[in-house]
Amino acid sequence: MSLAEQQSQLWEWVVGTAPVRDTAVLIKAGALSPDERVNVYAEMYWLRLRDVLRDEFAQVHAVLGDENFDVLAAKYVKAHPSTHFSLNWLGQHLPAFLKAHPVDGAPWLWALAELEWARSQSFIAADSAVAPPEALGLVTPETADSVRFTLTPSVRVLRHDVDVRPLFRAIADGQSWRDVPLVAAPTALVVFRQGFTVFHDAVSDAEATALELGVNGAMLPELCEAFSEFGDDAAPRAFQAIASWVNEGMVARVEV
Amino acid sequence: MFPSLGHGVGLRNRHSSAFLEEQPRVDFVEAIAENFMGLGGRPRAVLEKTRRDRPVVLHGVSLGIGSVEPLDPAYLTQWKALIDEVQPALISDHLCWGRAHGHYSHDLWPVPYTEECLAHVVERVSRVQDVLGRRILLENVSSYLEFRASDLTEWDFVAEVAKRADCGLLLDVNNVYVSSRNHGFDPKTYLDAIPADRVGQFHLAGHQDRGHLVIDTHEGHVSDAVWELYRHAVRRFGDVSCLIEWDEGVPELPVLLAESQKARSVAAEVSAVTPTRRNSALEATR
Ligand SMILES: [Fe+2]
């Protein structure tokens, strides 16, 4: 058997895409049978990934409990085996997976998962410069059309059909999530890091749109356009939002 | 060939405040490379502070040098960037495989010890060292199975990789012990077959002894049998940088540092009675 064939076969047994049988063809026996030896690796593979997901989605885990979380994790890992060299990315598709496969009695769980994921990614996002408040001075009537704002890599914008903030707060405080009344309402959240601390807060739909633009860098007129529903008030509202982003350290660069 | 850094511990989340705000007394620190590639925030700040205070070595877990799957160019680019930024005293990964069908297992699986695999690994190590621009240490992994196809011993395979690929070795003494119990060989035979000048770092760790199966858990104290094997390793390889790995049930920092101090005492005891290879080489030049 070639090296490639040996690896392909062992891989399938360990990750569970092929039944563990005829293992003696590949593996030596001894105090343990070849099947038992494969199963040592299969168990380690599963437990390592399961534990990473439990850590990454501690709140989802708290809601579901061990047994139900493990059922979810097993289905997820099968559907989305790791494609990134770092375990940090293992959970990247879990919020969408939960949205596509809602849990009975907790259809909002994907939104909580997305908030957890955004927070943990914001915590470790690449470092960047933060524009000082004086940078707003670059905006003058002459430069207004050519000023570009770029947000820091720690900023994430989320859009949910329910406000999961009270739920997040309660679980973080060790309270029962069952006592939290959930309000179904379109909710946009911004997640960002200040120093080493991650924050999340609700923003208006218009501000969320502007933030989404700013993640990849946006010109001031584009940001004003996000507030167009306010008519003549669009520019002042955009500027007010941008000023708050700068004050909260969400803006990396202001360039003319 | 490799710097002697003394006695170190792994950089783990539980101790991040201590490394950020204090100066724990430890000679060097080992950080898991993948946890920092392209990332920032507090974890990166802890690493930056740590490396200002003492040497840092970077330990990779995802290279998959033995995988048939092509080397991941994006991964190597990020490795190189991190090395340039952190300037580690040593870099290492494992002599194992863990990728197939475009996926990562995030585990360290043993390779078959065959000529085919040897040629495969040697060729890849050379390419990795070219990209990274420096020599890498490859660590022996603990294993729970052996391939029928293997016609070399693990120690001959490891020694040949180091010689042919011109790389270093990270000798995990606990892994040698764990595998020796699982496959029934004499761990000292293993150590004695490893070329002395290739070993750039030691790992020591706790394991779980289930009798018919020994599992490399990185949890708990180093066992008496592994301390004994470490003595043998110091006699053979000398004053090699030695790191305690404790990743499960991570204890308070003083407990971890005490384990590292114990390694220092054991090594000092051995060196006092046995002129080690490096010590005697030093004396000869004086
Ligand atoms: Fe190790």
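Reader: In this model, which residue in β4(A) does Leu189(A) stand opposite?

Author: The model is a predicted one. Strand β3 of chain A, residues 184-194, pairs with β4(A) in the antiparallel sense over seven bridges. In β4(A), the residue opposite Leu189(A) is Ala202(A).

Reader: Which strands of chain A stand at the edges, and why is one side of each left without a neighbour in the sheet?

Author: The sheet is open and has three strands in the order β2-β3-β4, with antiparallel pairing. Each edge strand has a single partner strand, so one side of it is left without a neighbour in the sheet. The edge strands of chain A are β2 (156-162) and β4 (197-203).

Reader: Which helix of chain A packs on the sheet?

Author: The helix touches β2, β3 and β4 of chain A, and its direction makes about 145° with that of β2(A). Its residues are 205-215, and its name is α7.

Reader: Which residue of chain B forms a salt bridge with Arg48(A)?

Author: A salt bridge requires the nitrogen and the carboxyl oxygen to be within 4 Å. For Arg48(A) and its partner, the closest N and O atoms are 3.4 Å apart. The count between chain B and chain A is one salt bridge, and the partner of Arg48(A) is Asp107(B).

Reader: Which element supplies the largest share of the side of chain B that touches chain A?

Author: The contact takes 51 residues from chain B and 39 residues from chain A. Several elements of chain B each supply at least two residues of that side, among them α2 (41-53), α4 (115-132) and β6 (103-109). The largest share, seven residues, comes from β6(B).

Note on methods
Residues numbered from 1 in each chain as written. Chains lettered and ligands numbered in written order. Predicted model: local features only at pLDDT ≥ 70, side-chain atom pairs only at ≥ 80, totals over all residues. Heavy atoms only, no water. Contact = heavy atoms within 4.5 Å. Salt bridge = Lys/Arg side-chain N within 4 Å of Asp/Glu carboxyl O. Helix = DSSP H or I, 4+ residues; strand = E, 2+ residues; numbered from the N terminus. Pairing = 2+ DSSP bridges. Axes fitted to C-alpha atoms, helices over the stretch in contact; angles between N-to-C directions.
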